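Here's a quick tour of one model, taken a region at a time. Have the viewer open and follow along.

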Amino acid sequence: MTFLSSVQHIARRSRRRRRSHMIPVMVGGAMTACAIAVVGYLLWPTFGPKASSSPARLPVSVGASLFNVPTMAVRRKIQRHSGPQERVDLSFTFPALEAPDAPKHVSADTVEDSIQPIDRIFLSISAHHDILAPDARVRTIYPRYLEQASPPAQDGLTVRAFRDGTPYGNEDLFLAKAPNLYARCTRDAATPGMCLSERRIDGADLTFRFPRSWLAQWRDVANAMDRLTLQLHAPK
């Protein structure tokens, strides 16, 4: 009996010793799990990709001339970066002169309903590489191809037709002062006529494109081009 009692006593002491050893292990495991959970919670925001927002305007150098262009006005995604570029294509709403909204998805069923009147003025800024300046072409090149007849100006706007068979056949030249405007425009046909108006700033040429029908309010158009030029390339 004495031997059995001793064995039972030893077994109880052994179980108590094992339990006493397990308590620190369990406490340590719980603390480790809590630490891992806290670290994971703090680091969790870095696991997912962060949504990056593009800057509102981009400093762009074209022909060594610096322009500050609205990011959303840039028509080609490949051109939406700062730094030197050979050419940048932009578009603005008219007459607000703001960057247009992103185009909506159009399906084959809704394409006819989505066609809207043209309300954009397009602008291309490109390095000119010392070719003949736009105002010099107006003075020296265009007059060679114009019709002899020079009708009187209407509302301050003069129109001269280019002769057929010349490089500018089927086009007209519009000229005005106060504000200054010169534009070469195609005539209305199967598609509405469009106008080009160019100007030079240092190492870059600015080419504006807009519908010929806008010349009914030519002063607003001329002022809009002046305002855009100042917004994009403010004088030092």
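How many bridges join strand S1 to S2, and do the two run parallel or antiparallel?

## The open sheet

Six bridges join strand S1 (residues 57–62) to S2, and the two run antiparallel. For the bookkeeping: strands pair if DSSP finds at least two bridges between them, contact means heavy atoms within 4.5 Å, and strands (E, at least two residues) and helices (H or I, at least four) are DSSP runs numbered from the N terminus.

The whole sheet is open, with three strands in the order S2-S1-S3 and mixed pairing. Its edge strands, S2 (65–70) and S3 (83–85), each pair on one side only.

## What you're looking at

This is a predicted model, where local features need pLDDT of at least 70 and side-chain atom pairs count only at pLDDT 80 or more, while totals for chains, interfaces and linings use all residues. Residues are numbered from 1 along each chain as its sequence is written, and side-chain values use heavy atoms, leaving out hydrogens and water.

Most residues other than glycine have a negative phi, and most peptide bonds are trans. The loop between strand S4 (87–93) and helix H2 (111–114) holds Pro 95, and the peptide bond from Phe 94 to Pro 95 is cis, with omega near 10°. Leu 97 sits in that loop between S4 and H2 too, with a positive phi near 60°. Leu 97 is buried (under 20% relative accessible area), at 6%.

The loop between S7 and S8 holds Ala 178 and Pro 179. The bond from Ala 178 to Pro 179 is cis, with omega near 0°, and phi of Ala 178 is positive, near 55°. Ala 178 has 66% relative accessibility and counts as exposed, a label for values over 50% with a 1.4 Å probe and protein chains only.

## The second largest pocket

Lining residues of the second largest pocket include Leu 175, Lys 177, Asn 180 and Arg 199. Strands S7 (171–176), S8 (181–186) and S9 (194–201) each give two or more residues to this lining, and S9 gives the most, with three. A pocket here is an open set of points on a 1 Å grid over the protein atoms alone, where a 1.4 Å probe fits, with protein on both sides within 12 Å along at least five of seven lines; lining residues have an atom within 4 Å of a point.
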